[in-house]
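Subject: Structure handover

Hi,

Here is the structure I promised to pass on.

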Amino acid sequence: MRKILLLVGLLFLVGCGSNITGNAVADSPMDVFASCVTESGATFFGAYWCSHCNAQKGLFEDSMDFVNYVECSLPKRAGETEVCKQANIQSYPTWEFSDGSRVTGVQSLQTLADKTGCALP
């Protein structure tokens, strides 16, 4: 019986210590903001070679692990991924929100907070 309770407790702790991706724990204010943006249904579409995308990532600092980011570029810039073609992504960065609206270009954290209802850190 003790082994079962210990196992259940351990599974509970492991489950509570992960975010939606299952591999990181939100512990800084920016982590919490980035997690909220993702939980709101927002998606950031970009390309690894895109300087504006890298600037957008930089606004999240070390909290990009909590942002729902979709890489649109194939390796060696050999075209666009199928998921981005299906989503009709025309430029990078593109943010898509739960209401279906989109904005392109680098967005301020304030704009993302306004669009998602998430509180800024």
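Let's begin with one serine. Before I go on, a word on the ground rules. This is a predicted model, so local features need pLDDT of at least 70 and side-chain atom pairs count only at pLDDT 80 or more, while totals for chains, interfaces and linings use all residues. Residues are numbered from 1 along each chain as its sequence is written, and side-chain values use heavy atoms, with hydrogens and water left out.

Back to serine 73. You'll find serine 73 in the loop between β2 (69–71) and α4 (82–86); helices (H or I, at least four residues) and strands (E, at least two) are DSSP runs, numbered from the N terminus. Serine 73 has a relative accessible area of 9%, so it counts as buried. The cut-offs are under 20% relative accessible area for buried, over 50% for exposed, and partly exposed in between, with a 1.4 Å probe and protein chains only. The side chain of serine 73 also makes a polar contact of 2.9 Å with that of tryptophan 49. (A polar contact is a pair of N or O atoms within 3.5 Å; within protein, one must be able to donate a hydrogen and the other to accept it, and residues adjacent in sequence count only if both atoms are side-chain atoms.)

Now the overall picture. The protein has five helices and four strands, and along the sequence they run α-α-β-α-β-α-β-β-α. Of its 121 residues, 35% are buried. Among contacts between residues at least 6 apart in sequence, 61% join residues at least 24 apart.

Next, the inside. Which residues have the most contacts within the largest nonpolar core? They are Phe33, Phe60, Val67, Trp95 and Leu112, in a core of 19 residues. Here a nonpolar core is a set of buried Ala, Val, Leu, Ile, Met, Phe, Trp, Tyr and Cys residues joined through side-chain atoms within 4.5 Å. The elements that give two or more residues to this core are α2 and α5, and the largest share, four residues, comes from α2. As background, nonpolar side chains tend to be buried together in soluble globular proteins.

Phenylalanine 60 touches Met30, Phe33, Ala34, Val67, Trp95, Leu109 and Leu112, leaving out residues up to four places away in sequence. Valine 67 sits in the loop between α3 (51–59) and β2, and is buried at a relative accessible area of 8%. The C-alpha atoms of valine 67 and phenylalanine 44 are separated by 7.5 Å, although the two are 23 residues apart along the chain.

Helix α2 (residues 29–39) has Met30, Asp31, Phe33, Ala34, Ser35, Val37 and Thr38 as its buried residues. Their cover includes α3, β3 (94–96) and α5 (109–116). After α2 comes glycine 41, with a positive phi near 105°.

How many disulfides does the structure hold? There are two, a disulfide being a pair of cysteine sulfur atoms within 2.5 Å. In one, cysteine 36 and cysteine 118 have their sulfur atoms 2.2 Å apart. The torsion about their S-S bond is about -90°, so this disulfide is left-handed. Cysteine 36 lies in helix α2 and cysteine 118 in the segment after α5, so the pair ties together parts that are 82 residues apart in sequence. Cysteine 36 is partly exposed at 26%, whereas cysteine 118 is buried at 5% relative accessibility.

The other disulfide joins cysteine 72 and cysteine 84, with sulfur atoms 2.0 Å apart. It is left-handed too, with -75° about the S-S bond. Cysteine 72 is in the loop between β2 and α4 and cysteine 84 in helix α4, 12 residues apart. Cysteine 72 is buried at 0% relative accessibility, and cysteine 84 is buried at 0% as well.

Last, the charged side chains. There is one salt bridge, meaning a side-chain nitrogen of Lys or Arg within 4 Å of a carboxyl oxygen of Asp or Glu. It joins arginine 102 and glutamate 96 at 2.9 Å, N to O. Arginine 102 is partly exposed at 33% relative accessibility, and glutamate 96 is partly exposed at 24%.

Cheers

Terms used
Contact = heavy atoms within 4.5 Å.
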